[in-house]
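Here is a short report for a reader meeting this chain for the first time. Look over the sequence and the model before reading on.

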Amino acid sequence: MPVAAAELDLERVICRLADLEEHGCRGFTLGGGDWPLRGFVVRCGSEVRGYVNRCPHAGHPLDLRPHRFLTPDRAMILCSSHGALFEKDAGRCLAGPCAGERLRPIPLQLIGDFVLIAADADLAALAADG
């Protein structure tokens with residue numbers, strides 16, 4: 001049975017699952033004020049992972065252009081500034097100045113065709129980290 005958008009906590013909706021290509025990604029901003037949560041979601045086969053859009057090395061956003069988080073072959077997450085490479089499914093840095101560190105995960109849930117921040121996620125704490 002499809003889920004109607006009116007049944008969801010719209011403040012936690014990131015996108016529709018159909019908006020993410022099989023190996024796609026998309027950035028998002030939730031909240032307002034000076035410190036909204038800036039993150040991105042990435043499709044890993046049938047699963048979706050979420051991360052705070054913050055490089056563990058320099059503390060700035062990973063994408064220089066909107067929604068550009070992946071290597072050209074879409075196999076890994078790329079920090080556009082320093083070339084660090086991260087696993088899509090775990091956020092671990094495999095190469096670059098922050099090798100061994102991890103991206104901060106954002107807990108997600110799928111409800112119907114919608115990708116949401118998990119209901120128990122602390123948005124303020126996640127935003128403070130981004």
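## Overall layout

Helices and strands are DSSP runs, numbered from the N terminus: a helix is H or I over at least four residues, a strand is E over at least two. In those terms, the chain reads β-β-β-β-β-β-β-β-β-α along the sequence. That gives 1 helix and 9 strands. The radius of gyration is 14 Å, close to the 14 Å that the globule rule gives for 130 residues, so the chain is as compact as a globular protein of that length. Keep in mind that this is a predicted model.

The C-alpha atoms fill a box of roughly 45 × 35 × 25 Å along the principal axes. Of the 130 residues, 39% are buried. The chain exposes about 7100 Å², and carbon and sulfur atoms supply 50% of that area. Among contacts between residues at least 6 apart in sequence, 44% join residues at least 24 apart.

## The sheet β2-β3-β4

Strands of a sheet pair through backbone hydrogen bonds, either parallel or antiparallel. In this open sheet, 3 strands follow the order β2-β3-β4, and the pairing is antiparallel. The edges belong to β2 (25-30) and β4. Each of these has a single partner strand, so one side of each is left without a neighbour in the sheet. Neighbouring strands here are turned by 25° against each other on average, direction ignored.

Now take the pairs in turn. β2 and β3 run antiparallel and are joined by 6 bridges. β3 and β4 form a hairpin, with 2 residues between them. Glycine 45 sits in that turn and has a positive phi of about 65°.

## The sheet β1-β9-β8

A further open sheet has 3 strands in the order β1-β9-β8, with antiparallel pairing. Here the edge strands are β1 (13-16) and β8 (108-111). Each has a single partner strand, so one side of each is left without a neighbour in the sheet.

β1 and strand β9 (residues 114-117) run antiparallel, joined by 3 bridges. Valine 13 has leucine 116 in β9 as its bridge partner.

## Two positive phi values in one loop

What lies between β4 and β5 (77-78)? A loop, and histidine 67 is in it. Phi of histidine 67 is near 65°, a positive value in a residue other than glycine. Its relative accessible area is 39%, so histidine 67 is partly exposed.

Arginine 74 also lies in the loop between β4 and β5. Phi of arginine 74 is near 65°, positive although the residue is not glycine. With a relative accessible area of 34%, arginine 74 is partly exposed.

## A buried loop residue

Leucine 103 is found in the loop between β7 (93-95) and β8. Is leucine 103 buried or exposed? At 3% relative accessibility, leucine 103 counts as buried.

Which residues does leucine 103 contact, leaving aside its neighbours within four places in sequence? They are Phe40, Tyr51, Arg54, Pro56, Leu62, Ile77, Phe86 and Gly91. Methionine 76 is 27 residues from leucine 103 along the chain, and their C-alpha atoms are separated by 13 Å.

How many disulfides does the model hold? The count comes to 0. A disulfide needs a pair of cysteine sulfur atoms within 2.5 Å. For cysteine 25, the closest cysteine sulfur is in cysteine 44, and 10 Å is too far for a bond. For cysteine 55, the closest is in cysteine 79, at 3.8 Å, which is also too far for a bond.

Cysteine 25 is buried, with a relative accessible area of 16%. Cysteine 55 counts as buried too, at 0% relative accessibility.

Note on methods. Residues numbered from 1 in each chain as written. Predicted model: local features only at pLDDT ≥ 70, side-chain atom pairs only at ≥ 80, totals over all residues. Heavy atoms only, no water. Buried < 20%, exposed > 50% of the residue type's maximum accessible area, 1.4 Å probe, protein only. Pairing = 2+ DSSP bridges. Rg over C-alpha atoms; globule rule 2.2 N^0.38 Å. Contact = heavy atoms within 4.5 Å. Areas by Shrake-Rupley, 256 points an atom, 1.4 Å probe, with all protein chains shown as cover. Axes fitted to C-alpha atoms, helices over the stretch in contact; angles between N-to-C directions.
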